[in-house]
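Below is a short report on a protein structure, written for use beside the sequence and the coordinates.

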Amino acid sequence: MVTDTSSDTTSGTLHGTPVVPGLAHGPALVARTDVSDNAIAAFDGSSLTEGAATERYDEVAGQVADGFAAKAATASGAAAEVLTASAGLARDKGLRGAVVKQLKSGDDLVSAVEAAVESFVTIFTGMGGLMAERVTDLRDIERRMIARIVGEPEPGVPVPEEPSILIAADLAPADTAGLDPSVVLALVTERGGPTSHTAIIARQLGIPCVVGTAGALEVRAGTRLLVDGVAGTVEIEPDADEADRRVAADREQRAALASWSGPGGTADGKPIRILANVADGESARAAVDSAPVEGVGLFRTELCFLNRTEEPTVEEQAEIYGQVLSALAGEGPGDRDRYVVVRTLDAGSDKPLAFANLTGEENPALGVRGLRLSFGNPGLMERQLDAIAQAAKTAGTETWVMAPMVATVSEAADFAAQVRERGLKPGVMVEVPSAALLAHRMLEHVDFLSIGTNDLTQYTMAADRMASDLAHLTDAWQPAVLQLIAITAEAGVQAGKSVGVCGEAAADPVLACCLVGMGITSLSMAAAAIRPVGAQLGRVTSDQCEDAAEAALAASDPKAAREAARAALGL
Ligand code: PEP
Ligand code: MG
């Protein structure tokens with residue numbers, strides 16, 4: 001990440017990773033998400049007896065829980081659920097018991113809370129699945145309790161008094177759940193990558209967002225900023241009139257996007273399927289209601305079962321898959337029949353399933369995840385394929401099935417045979433570099449490929465997709481990642497078979513045009529990204545897309561690739 005800021009961060013431009021397009025101009029509002037070290041150092045733990053410390057803990061835990069409950073009362077849906085769960089966790093008797101035990105062993109209150117939370121983090125992480133996801137909430141609760149104990153205000157997102165640009169190190173789920181898009185003009189974080197929680201929430205809310213922005217926390221509250229969620233820049237104290245003019249032009253352009261109604265394709269009429277990524281029946285119905293969806297390019301089936309300890313029966317699975325298939329029944333825009341790409345369980349690594357995964361793997365991202373689960377448990381895959389076939393027959397929606405984490409041609413061939421036996425159309429995901437390099441041979445066995453750019457990037461760059469410190473590496477604009485995508489797309493062109501992209505790269509309107517220029521035939525993304533991507537593609541010709549792809553592939557780094565592609569597209 002390059003910055004050309006002056007040291008006091010009162011002028012210049014910060015650079016980060018753009019994740020949600022759009023321009024915003026307004027004052028900075030800085031969210032403090034950590035308790036200051038000075039305040040903790042100044043806390044005199046020995047002034048409280050064990051009994052007084054326990055009483056103080058009860059008081060603080062109650063206040064933190066009440067804060068979450070009050071926020072939950074003004075939120076709805078998933079946000080309210082997250083906040084209510086955090087309130088329960090702050091009052092948890094087990095957590096209190098662990099704190100009291102630490103106090104009895106002689107710890108002061110701050111150390112007791114830290115040690116108790118640490119033991120819970122270890123337990124939650126070991127349990128995997130949904131419980132592991134609660135670790136971020138636990139850490140948030142810990143910071144809030146400690147802030148109150150040492151006499152500081154709870155860290156978190158201040159309520160904006162005027163429409164503002166929110167700056168934070170990174171945001172906890174409880175912070176993002178309460179964000180009001182009518183007063184938060186844009187989000188800028190110092191840490192986090194394109195797949196971080198902040199990025200996912202910003203995408204859902206449609207707020208311009210730049211993550212991994214070095215130097216963002218040095219910006220003083222109230223400083224006026226111009227955030228560009230396409231270029232990934234944050235201009236400090238820009239010329240106000242010019243900034244307002246650019247924001248107004250952007251707003252006009254976005255209004256034009258809002259009226260985009262599909263079907264997907266370039267300005268000169270090359271058809272490109274614009275599809276949605278979904279997690280269950282509810283998100284599939286929401287996608288169809290909110291955007292001109294031509295099908296589903298990625299149904300992440302594992303997300304239906306994160307809280308299950310037992311494998312669901314074939315009948316239950318068929319019912320759940322059927323909800324997605326029936327939501328997509330019939331024709332989409334342009335009178336094209338919709339279809340759904342169901343992905344078999346991608347359990348493991350960041351999404352462990354209690355009934356499927358091994359525990360205690362040293363390196364789960366490189367371990368038994370996705371298709372690899374079927375090596376030791378072939379029945380799990382067979383039952384899931386039976387359930388998908390049953391659901392497809394009942395719903396009548398065209399159903400394609402793909403496996404995640406495929407590394408060899410024989411894996412693709414075996415999977416394809418099992419899918420064809422059930423009368424369905426087989427494909428595999430390209431997430432491992434070996435699959436991209438052998439795409440032409442994979443296509444001798446399967447009918448389609450779908451590139452999972454999130455994992456393809458992590459495995460190509462050997463950089464954990466969740467590691468915020470490596471956000472500059474986990475960027476699909478990296479030249480090596482673009483090369484592998486181009487190899488895969490070219491294999492599809494040669495074989496005359498469809499090759500889609502279903503990772504986050506498809507949701508970037510500029511990158512989407514480059515992908516099309518490489519030969520990609522479908523783009524699948526969060527429903528909120530469908531109009532921006534569809535409209536952008538509709539404004540450029542296939543020749544421009546090819547030029548953009550060529551320019552990006554020739555660039556030496558992600559920033560240069562993005563700029564070269566923008567120039568080729570006339571942006
Ligand atoms: C990907 O890896 O790009 C992908 C779409 O799969 P997931 O994000 O579910 O791992
Ligand atoms: Mg993946």
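## Basis of the model

This is a predicted model, in which local features need pLDDT of at least 70, side-chain atom pairs count only at pLDDT 80 or more, and totals for chains, interfaces and linings use all residues. Residues are numbered from 1 along each chain as its sequence is written, chains are lettered from A and ligands numbered from 1 in the order in which they are written, and side-chain values use heavy atoms, with hydrogens and water left out.

Helices (H or I, at least four residues) and strands (E, at least two) are DSSP runs, numbered from the N terminus. E431 is buried, at a relative accessible area of 2%, and D455 is buried, also with 2%. Buried means under 20% relative accessible area (1.4 Å probe, protein chains only).

## Aromatic pairs

The structure holds 5 aromatic pairs. Rings of Phe, Tyr and Trp (its six-membered ring) pair if their centres lie within 6.5 Å; planes under 30 degrees apart count as stacked and over 60 as edge-to-face. F305 and F355 are edge-to-face, 6.4 Å centre to centre with 70° between the planes. F305 lies in the loop between β10 (295–300) and α12 (314–327) and F355 in the loop between β11 (339–343) and α13 (373–376), so this pair ties together parts 50 residues apart in sequence. Both F305 and F355 are buried.

Y339 and W400 are stacked, because their ring centres are 4.1 Å apart and their planes at 10°. Y339 is in strand β11 and W400 in strand β12 (residues 398–403), 61 residues apart. Y339 is buried at 6% relative accessible area, and W400 is buried at 8%.

## Helix pair

The axes of helix α5 (residues 109–127) and helix α7 (residues 135–149) come within 10 Å and cross at roughly 175°. Axes are lines fitted to C-alpha atoms, for helices over the stretch in contact, and angles run from 0 to 180 degrees between N-to-C directions. The helices α5 and α7 are therefore roughly antiparallel (angles over 145 degrees).

Key
Buried means under 20% relative accessible area, exposed over 50%, partly exposed in between (1.4 Å probe, protein chains only). Angles under 35 degrees count as roughly parallel, over 145 as roughly antiparallel, 65 to 115 as roughly perpendicular and the rest as oblique.
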